[in-house]
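Dear colleague,

Please find below the structure that I promised to pass on to you, together with my notes on what was found in it. I would be glad if you could read the notes with the model open beside them.

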Amino acid sequence: MAKKVRKALVLWHRIFGLTAGVWLFLVAATGSIVVFYEELDHALNPDLFNMAVTGEPLPVEELVAVAEAERPGSFAAFVNLPNEPTEPLIAYLASRPDAETPVPRGTHVFVDPYTGEALGDRVFGAFKVDRRHLAQFIYKFHRDLHLGRTGAFILGLAAFLWLFDHVVSVWISFPRLRHWWRSFTVRRSAKGVGKIWGLHRAAGLWLVPVTLVLALSGVYFNWYGSFVAVVDFFSPLTKAVHRTAPRLEEPSFAPAVSIDRAITVASQHAGDAEVDSVSILPFQGLYWARIFDSRDLADYGQRYVYVDMEDASIVADRHRTDGSAGDAFIAWQFPLHSGKAFGWPGRLAIFVAGLVTCWLVGTGFYLWARRLRERRRVSRRAKQKVEKPALRPWPAPQPVVAPVERSLRHQRE
């Protein structure tokens, strides 16, 4: 029975590798690059990210107005504030209800915080591979293959099957539990295909903790709704304020409280902490400030402070990890997937895991091809043996007659 189960699991592992291996290879290869997404984007576009410090920065409200003027009929829905003196302000635009020409989703404008000059704009996810868009092209490809919801579904399915395949892979990697440590090593005497197979098994086992996290978070990103619903079933999640706040009859595009004042109020409320970014929610009449906090799991602000647009009152204050175990579990997904939860060591671990995953897929295809070629060769030999004409049989050997018996026979005759 155990042999039949193992044989079935080996067959599953082989089928998974042959069907989902291509998608897994593409995602792993681009994922290793995306680990250095910010560094790559900054290196390719120094004119957008390296500002000359020429005095004090201008008010955020003025910089946002410059960005909105680049696309008439738009408003800044999200503002990424400069965290370093040489960084620009980046405003992500959305269309107003009365806009004659809708703004493409993902449009963002770079503004020099000292001169107020619009440095340029681009659309996140645009199908372009020039210097301006290369880093974002790779990021979008990693996220959904540039296929939108269809691509997200395919990658979500691949991640879900990969999650199950981890269990299968570990199971079949230990044929004998008494010598379990041997599966983590490669025999020194192994050569050729045997050595490749040993490396394939050992490398996969050593990286199981990392790739298992990547598979799980891959399901989270691509099947977000279903993933969150399952987590909420076991551990009720805290609803985000901007999702539960009542919608205004008329959006507030000219609020009484400026974004600069909202940033100041949110920062003071959090003990003069630095504000990382701000979402402007005119349909709910709120500013949503993300503030750096000692509890953050990565290098971006995860303390959420909501400020009312009309009276600057604090509507809500919550850290991303506060609440139930499910809230904390969800909060960990991106920091773990990107490796940022553990700084540079974590990012390098994700980088290596992506490269090794590509190698596992490649060696898996190689081992399957060798196995298939060997089977065909054996089958061809067996067929040739059957089709070969039968040889003419030798005449039956005559019985050997002893001398005494031959003498008696002669006398009788």
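Predicted model: local features only at pLDDT ≥ 70, side-chain atom pairs only at ≥ 80, totals over all residues.

Leu-145 is buried, with a relative accessible area of 8%, where buried means under 20% relative accessible area, exposed means over 50% and partly exposed lies in between, computed with a 1.4 Å probe and protein chains only. Leu-145 sits in the loop between α5 (134–144) and α6 (148–172), and its phi is positive, at about 60°, although it is not a glycine. Most residues other than glycine have a negative phi.

Residues are numbered from 1 along each chain as its sequence is written, and side-chain values use heavy atoms, with hydrogens and water left out.

Ala-312 also has a positive phi of about 60° without being a glycine. Ala-312 lies in the loop between β7 and β8 and is buried, with a relative accessible area of 10%. The two strands on either side of this loop form a hairpin with 5 residues between them, and β7 pairs with β8 (residues 314–319) in the antiparallel sense over 5 bridges, where two strands count as paired if DSSP finds at least two bridges between them. Within this pairing, Tyr-306 stands opposite Ala-316 in β8.

Strand β7 itself (residues 303–308) is mostly covered, with 6 of its 6 residues buried.

β5 pairs with β6 in the antiparallel sense over 6 bridges, and Tyr-287 in β6 is the bridge partner of Ile-280. The hairpin of β5 and β6 has 4 residues between the strands, and in that hairpin Gly-285 takes a positive phi near 70°. β5 pairs as well with strand β1 (residues 74–80), in the antiparallel sense over 3 bridges, with Val-278 in β5 as the bridge partner of Val-79.

Cys-358, found in helix α13 (residues 343–387), is buried, with a relative accessible area of 11%. The C-alpha atoms of Cys-358 and Leu-24 are separated by 7.6 Å, although these residues are 334 apart along the chain. Leaving aside neighbours within four places in sequence, Cys-358 is in contact (heavy atoms within 4.5 Å) with Phe-25, Ala-28 and Ala-29.

Leu-40, in helix α2 (residues 37–44), is partly exposed, with a relative accessible area of 27%. Leu-40 and Leu-134 are 94 residues apart in sequence and 8.9 Å apart in space, C-alpha to C-alpha. Not counting residues up to four places away in sequence, Leu-40 touches Ile-33, Ala-135 and Ile-138.

Turning to the protein as a whole, its secondary structure comes to 14 helices and 8 strands. The radius of gyration is 33 Å, well over the 22 Å that the globule rule gives for 413 residues, so the protein is more spread out than a compact globule; this radius is taken over C-alpha atoms, and the rule is 2.2 Å times the number of residues to the power 0.38. Along the principal axes, the C-alpha atoms fill a box of roughly 140 × 45 × 40 Å. Of the 413 residues, 39% count as buried. Among contacts between residues at least 6 apart in sequence, 59% join residues at least 24 apart.

With best regards
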